Amino acid sequence: MAYACAMEVEAAERYAELADQMSTHHNREVAELFAKLARIEGKHRDQILAKMGWASPPDTAVFRWETPEGAETTDYGELHYLMQPYHALKLAEHNEQRAAEFFARFAAARLPADVRAAAAEMADEEREHVRLIQEWLARVEPPEAGWDEDPDPPAVAD
Amino acid sequence: MNEALSTAPVAPASHALAAADYKSDIKPVWCPGCGDFGVVNALAKALAKLGLEPRNVAVVSGIGCSSRIPAYMSSYGFHGVHGRALAAGTGLKIARPDLTVIVTGGDGDGYSIGGNHFLHACRRNVDMTYIVMDNRVYGMTKGQPSPTTEPDWDSKLSPEGTGLREFQPMVIALASGANFIARAFTGDPNGLADVIVQAVQHPGFSFVEVLSPCVTFRPEQKEWKKIVRSDALRPTSDLSRAARRMLRDTGFELGVLYAGERPAYAPRGPRAMRPVTDLEARFEL
């Protein structure tokens, strides 16, 4: 559960950072979406804290991710200043899928039964999040070709 | 390593601080996707791990995209002039040895206009940490080749490439006397934070070369995350062994290359205030 909590903390913090980045670049629609995702991940964190009876997230110094960051954390490099809500939701979908796989691996590993049961429960929750994001995606307009073309680009043009 | 060599101040926070406590309220204006976000994140995490009070830390920079970092931190900060961050940082550390001094900048600032300061900062071995966010391009001025740009990088500002061999920062640092040399990647902020912790704790001049993609002018650098090799470099205090490793270096091996045992620079004798006339008397005019 410490892994699960750390994953939600890291994801919430990153989504909040990404919301700030988009806000700075006046992409308000995506900024609001990232802020909403940050709030959702924050709620997941709070649910884990309540379930475990923890006052605050456990010290993350006790373990390290096998990957550079937690499974639900968006890589900074995935952003584009002209990205649309569809792109942001695809990132969220990818993150939730990775989280589900992460816990599913734990659930299938040779670990004590209570650990595997907790991991299986978390995997189910993450799969539910994938489903909810996919529902959300279905309501969002996919981007048209050339969505990243900027008539006044930051890069030097001819 | 001889812990007694460390002149790093021991000023742990009286209360536990979180990484967020080291970030200011100013939001970075970097392009979304920029690697430098990972450095702010890692630096804040590293300072939290070190337990240093923000008022006991100074972040000094030069000019360039990455040199905006002092504004984004809650510690003391100094956004200096182009290429002179190490000179300012050295002066600050000598005047205020109690501060943890972290100098930040980019490859253009640090290896071109600031190249000479880089050599001599390594040589002087003053106890501070230099973090260079290397994206192999001048981003702030819209994409000119920098000293670390590949010779064949073809762009509108460098048709067919410069044809010039790249500057080798880690080799130069090793040859010039830096006491701690490491390479990290912004795509791994947690790993980068660990390296920064080690760099700050190590006595003398610590140099951290950070691969920090520029997604605007070098979008191909998004592929770096697929080619970096984590923990490929293992620390040694043997200079010749570190040099041999550099001969096989591809530029994408991450980790600590060298952790030397050279004592950090310390001014000789007591720092007493003397009248200027005493100083004048010692010069032949």
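**Entry 1. I196 of chain B**

I began with I196(B) and listed its contacts beyond four places in sequence: A42(B), L43(B), A46(B), T129(B), I131(B) and V208(B). I count two residues as in contact if their C-beta atoms, placed from the backbone, lie within 7 Å. I note that this is a predicted model, in which local features need pLDDT of at least 70 and side-chain atom pairs count only at pLDDT 80 or more, while totals for chains, interfaces and linings use all residues. I number residues from 1 along each chain as its sequence is written, with chains lettered from A and ligands numbered from 1 in the order in which they are written.

**Entry 2. The core**

I then looked up the largest nonpolar core, which has 109 residues. Such a core is a set of buried Ala, Val, Leu, Ile, Met, Phe, Trp, Tyr and Cys residues joined through C-beta atoms within 7 Å. I call a residue buried if 20 or more other C-beta atoms lie within 10 Å of its own, exposed if 12 or fewer, and partly exposed in between, with C-beta atoms placed from the backbone. F34(A), Y130(B), I181(B), I196(B) and V208(B) have the most contacts inside this core. Helix α1 (residues 2-24) of chain A gives the most to the core, with 11 residues. I take helices (H or I, at least four residues) and strands (E, at least two) as DSSP runs, numbered from the N terminus. In soluble globular proteins, nonpolar side chains tend to be buried together.

**Entry 3. Chain A**

The C-alpha trace of chain A spans about 60 × 30 × 25 Å along its principal axes. Of its 158 residues, 37% count as buried. Among contacts in chain A with a separation of 6 or more, 74% join residues 24 or more positions apart.

**Entry 4. Where the chains touch**

I counted the residues in the contact of the two chains: 23 come from chain B and 19 from chain A. On the side of chain B that touches chain A, α1 (36-50) and α7 (189-201) of chain B each supply at least two residues. The largest share of that side, three residues, comes from α7(B). By class, I find nine nonpolar, eight polar and six charged residues on the side of chain B that touches chain A. Here Ala, Val, Leu, Ile, Met, Phe, Trp, Tyr, Cys and Pro count as nonpolar, Asp, Glu, Lys and Arg as charged, and the others, Gly among them, as polar.

**Entry 5. The sheet of chain B**

I traced an open sheet of eight strands in the order β2-β1-β3-β4-β6-β5-β8-β7 (chain B), with mixed pairing. Two strands pair if DSSP finds at least two bridges between them. The edge strands, each pairing on one side only, are β2 (76-79) and β7 (229-233) of chain B. Neighbouring strands of this sheet are turned by 20° against each other on average, direction ignored. Strands of a sheet pair through backbone hydrogen bonds, either parallel or antiparallel.

I examined strand β1 (residues 57-61) of chain B: five of its five residues are buried, so β1(B) is largely enclosed by the rest of the structure. V57(B), V59(B) and S61(B) lie on one side and A58(B) and V60(B) on the other. β1(B) pairs with β3(B) in the parallel sense over five bridges, and V59(B) stands opposite I102(B) in β3(B). β1(B) also pairs in the parallel sense with β2(B), over four bridges, where A58(B) stands opposite Y76(B).

I next checked strand β5 (residues 180-185) of chain B, which pairs with β8 (residues 253-259) of chain B in the antiparallel sense over four bridges. I181(B) stands opposite Y258(B) in β8(B). Helix α6 (residues 169-176) of chain B lies across β4 (128-134), β5, β6 (205-211) and β8 of chain B and runs at about 165° to β5(B). I take axes as lines fitted to C-alpha atoms, for helices over the stretch in contact, and angles from 0 to 180 degrees between N-to-C directions.

**Entry 6. Single residues of chain B**

I noted a positive phi of about 60° at R136(B), which is not a glycine. R136(B) lies in the loop between β4 and α6 of chain B and counts as buried because it has 25 C-beta neighbours inside 10 Å.

D231(B), also not a glycine, has a positive phi near 55°. D231(B) is found in strand β7 of chain B and is exposed, with 10 other C-beta atoms within 10 Å.

I located R96(B) in the loop between α3 (85-95) and β3 (100-106) of chain B. R96(B) counts as partly exposed, with 14 C-beta neighbours inside 10 Å.
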